[in-house]
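Please read this report alongside the sequence and the coordinates.

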Amino acid sequence: MKKFILVIITLLLSDLALACSPARPSAERLNDIRPTIITSPNKQFFLKLVPSRWKKKSAVIKRIKDSYAIAFEVLPDGQFKQLWSFKFWDNRETHSWFSKVKRPDFYLSDDGMNLVEINAVQHNNDKSAVVMYKKGKKVKRYAPMDFGINKLKVGPTSCRFKSWIMYSENRRANDRATEVNIRTVDNVLWHIDPDSLKFRKAQ
């Protein structure tokens, strides 16, 4: 009976381990990541995100086309006006293959000029955890340490990957402003204002 129970436990643990072993990306899997758009809270502006394209060469996956992002304004007549653009939004400054398949979270300001990028990073001093843009230019960069995180933790659904953040989301702060809420793995809530590109700890 004891042997039977040990066998069952071993099988269950094996299944869990397999379920939490994400496959390393192939060029085909990376190329399956589709372009997408995000909108400003007032729906008057949007950002088109086109991911990198990849090809396997001599057993190595190489980028053959860089990613880019373009911001547009929706005009009263329904036409689109291009505002700004930038390249390499998914070209993370890391050699981790996980970063290639984990898409950043982007939040656009109500005037379409500012952008907040939030990334899952693997080190608490990685300054690409939160990146802020003005008209497509990087103006501010923050690490998990700037949000009080001294040690990254493994989340309940993140397999073996450590993280500094539990979630991020857009929330209406009042009748006029929208903030980005970040809850860290230390269960601390932070507010980021995309319009002013400032952040503060929730009271």
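## The setting of His-191

In this predicted model, His-191 has a relative accessibility of 13% and therefore counts as buried, the limit for that class being under 20%. His-191 belongs to strand β15, which covers residues 189-193.

The side chain of His-191 makes a polar contact with the side chain of Asn-181, at 2.6 Å. When neighbours within four places in sequence are left aside, the residues in contact with His-191 are Glu-179, Val-180, Asn-181, Lys-198, Phe-199, Arg-200 and Ala-202.

## Aromatic pairs

The structure contains twelve aromatic pairs. One of them joins Tyr-142 and Phe-199 in an edge-to-face arrangement, with 4.8 Å from centre to centre and 80° between the planes. Because Tyr-142 lies in strand β10 (residues 137-142) and Phe-199 in strand β16 (residues 198-201), this pair ties together parts that are 57 residues apart in sequence. Tyr-142 is buried, with a relative accessible area of 18%, whereas Phe-199 is partly exposed, with a relative accessible area of 24%.

The rings of Phe-147 and Trp-190 have centres 5.2 Å apart and planes at 80°, so this pair is edge-to-face. Phe-147 lies in the loop between β10 and β11 (153-154) and Trp-190 in strand β15, so the pair ties together parts that are 43 residues apart in sequence. Both Phe-147 and Trp-190 are buried.

## The ring cluster

Through ring pairs, Tyr-142, Phe-147, Trp-164, Trp-190 and Phe-199 are linked into a cluster. Phe-199, a member of this cluster, is also among the residues in contact with His-191.

Definitions and conventions:
Residues numbered from 1 in each chain as written. Predicted model: local features only at pLDDT ≥ 70, side-chain atom pairs only at ≥ 80, totals over all residues. Heavy atoms only, no water. Helix = DSSP H or I, 4+ residues; strand = E, 2+ residues; numbered from the N terminus. Buried < 20%, exposed > 50% of the residue type's maximum accessible area, 1.4 Å probe, protein only. Polar contact = N/O pair within 3.5 Å; in protein donor to acceptor, adjacent residues only side chain to side chain. Contact = heavy atoms within 4.5 Å. Phe/Tyr/Trp six-rings, centres within 6.5 Å; stacked < 30°, edge-to-face > 60°.
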